[in-house]
There are 2 protein chains.
Amino acid sequence: MTMSWHTMMEFEPPIVGCVVSNRNFTFNILKATKECVINIPTVELAGKVVSCGNASGREVDKFRIFGLTAAPASQVKAPLIVECYANLECRVADARMVAKYNFFILEVIKGWIDPSRKQPRTIHHKGKGVFMVAGKTIRLRSRMK
Amino acid sequence: MTMSWHTMMEFEPPIVGCVVSNRNFTFNILKATKECVINIPTVELAGKVVSCGNASGREVDKFRIFGLTAAPASQVKAPLIVECYANLECRVADARMVAKYNFFILEVIKGWIDPSRKQPRTIHHKGKGVFMVAGKTIRLRSRMK
């Protein structure tokens, strides 16, 4: 599935929180298996990102019809998407916010990145198929992590 | 304070989740008052964003030393920051995730935006003072909200 709403929650261990609607096929799978992979696409995949968001795994094999490649993960049964520049293997760390908010708290147990992609141009959903594409990077002196 | 980690959680009512570290002066204020304003800056304010992140309200008046302007909010006692292009007045809707994750679930009860800013160039913290500046907008046909 395509997922928009997520946030980092902790550095160590790395914790990510995300909303997976209970209308999504993924919702019950994630609740049952307590595992998933978050695959991070770049702008080259934007069309497929939207297509995946508008189709359901209940009805179609999205890997096949959208031409995506599955590769085995190392720690979870869900596959990586090869075309994505980063992949985060996750386990559900806390499901207390699922019933009320569809909010899953995930621990990232293994991360993959394509080191050849120096400036991945990520996409950021603004709603209704409108995305902001990552622009330039700026560096400021900071004591922040 | 400067805050990085946040996500939308619901459209209606509008719910935002965010991490406010318990090392921040803001943490106890937010817990006690159950109110805040999220002020969304653009790249023109990047230097002040970092400065605010590296200083504490325990020691300094950030409005004064960084040249920011406070304006009254309509629903909460915390002020708006005039220089920010959008301001979200919030009430804490759920504090159950605060003890373990410093994660506050907020309902946005009033939003302000500067309508003259057509293409606000937001900044997105990548860590250690490095920010991605919002790039171009792309529009794809979608059935997504």
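What follows is a dialogue about a predicted model with chains A and B.

Visitor: Why is Asn102(A) called buried?

Guide: Its relative accessible area is 14%. Buried means under 20%. The value falls under that limit, so Asn102(A) is buried.

Visitor: Where does Asn102(A) lie, and what is its phi?

Guide: Asn102(A) sits in the loop between H4 and S7 of chain A. Its phi is positive, about 55°, although the residue is not a glycine.

Visitor: Is Asn102(B) buried or exposed?

Guide: Asn102(B) has a relative accessible area of 14%. The limit for buried is under 20%, therefore Asn102(B) is buried. Its loop runs between helix H4 (98-101) and S7 of chain B. Phi of Asn102(B) is near 55°, again a positive value in a residue other than glycine.

Visitor: Why is Leu88(B) called partly exposed?

Guide: The relative accessible area of Leu88(B) is 21%. Under 20% would be buried, and over 50% would be exposed. The value lies in between, so Leu88(B) is partly exposed.

Visitor: What does Leu88(B) touch, leaving out residues up to four places away in sequence?

Guide: Its contacts are Cys36(B), Val37(B), Ile38(B), Ile40(B), Val108(B), Lys110(B) and Gly111(B). Leu88(B) itself belongs to strand S6 of chain B. Phe63(B) is 25 residues from Leu88(B) in sequence, and their C-alpha atoms are 18 Å apart.

Visitor: What makes S6(B) and S7(B) a strand pair?

Guide: Eight bridges join S6(B) (residues 86-94) to S7(B), in the antiparallel sense. A pair needs at least two bridges, so S6(B) and S7(B) qualify. In this pairing, Asp94(B) stands opposite Ile105(B) in S7(B).

Visitor: How do you know that S2(B) pairs with S7(B)?

Guide: Five bridges join S2(B) (residues 15-19) to S7(B) (residues 103-113). At least two are required, so S2(B) and S7(B) count as a pair. The two strands run antiparallel. Val19(B) has Phe103(B) as its bridge partner in S7(B).

Visitor: Which strands pair between chain A and chain B?

Guide: S9(A) pairs with S9(B) (residues 130-139) in the antiparallel sense, over seven bridges. The requirement is at least two, so S9(A) and S9(B) are a pair. Ala134(A) has Ala134(B) as its bridge partner.

Visitor: How many residues make the contact between the chains?

Guide: Chain A gives 45 residues and chain B gives 44. The buried area is about 4,100 Å², with 65% of it from carbon and sulfur atoms.

Visitor: Which elements give two or more residues to the side of chain A that touches chain B?

Guide: They are strand S1 (6-10), helix H2 (46-53), helix H4 (98-101), strand S7 (103-113), strand S8 (123-127) and strand S9 (130-139) of chain A. S9(A) gives the most, with 10 residues. By class, this side of chain A has 21 nonpolar, 12 polar and 12 charged residues.

Visitor: How many salt bridges and polar contacts link chain A and chain B?

Guide: The salt-bridge count is zero. Polar contacts are found for 12 residue pairs, both residues at pLDDT 80 or more.

How values were computed. Residues numbered from 1 in each chain as written. Chains lettered and ligands numbered in written order. Predicted model: local features only at pLDDT ≥ 70, side-chain atom pairs only at ≥ 80, totals over all residues. Heavy atoms only, no water. Contact = heavy atoms within 4.5 Å. Buried area = accessible area lost by both parts, 1.4 Å probe. Salt bridge = Lys/Arg side-chain N within 4 Å of Asp/Glu carboxyl O. Polar contact = N/O pair within 3.5 Å; in protein donor to acceptor, adjacent residues only side chain to side chain. Helix = DSSP H or I, 4+ residues; strand = E, 2+ residues; numbered from the N terminus. Nonpolar A, V, L, I, M, F, W, Y, C, P; charged D, E, K, R; others polar. Buried < 20%, exposed > 50% of the residue type's maximum accessible area, 1.4 Å probe, protein only.
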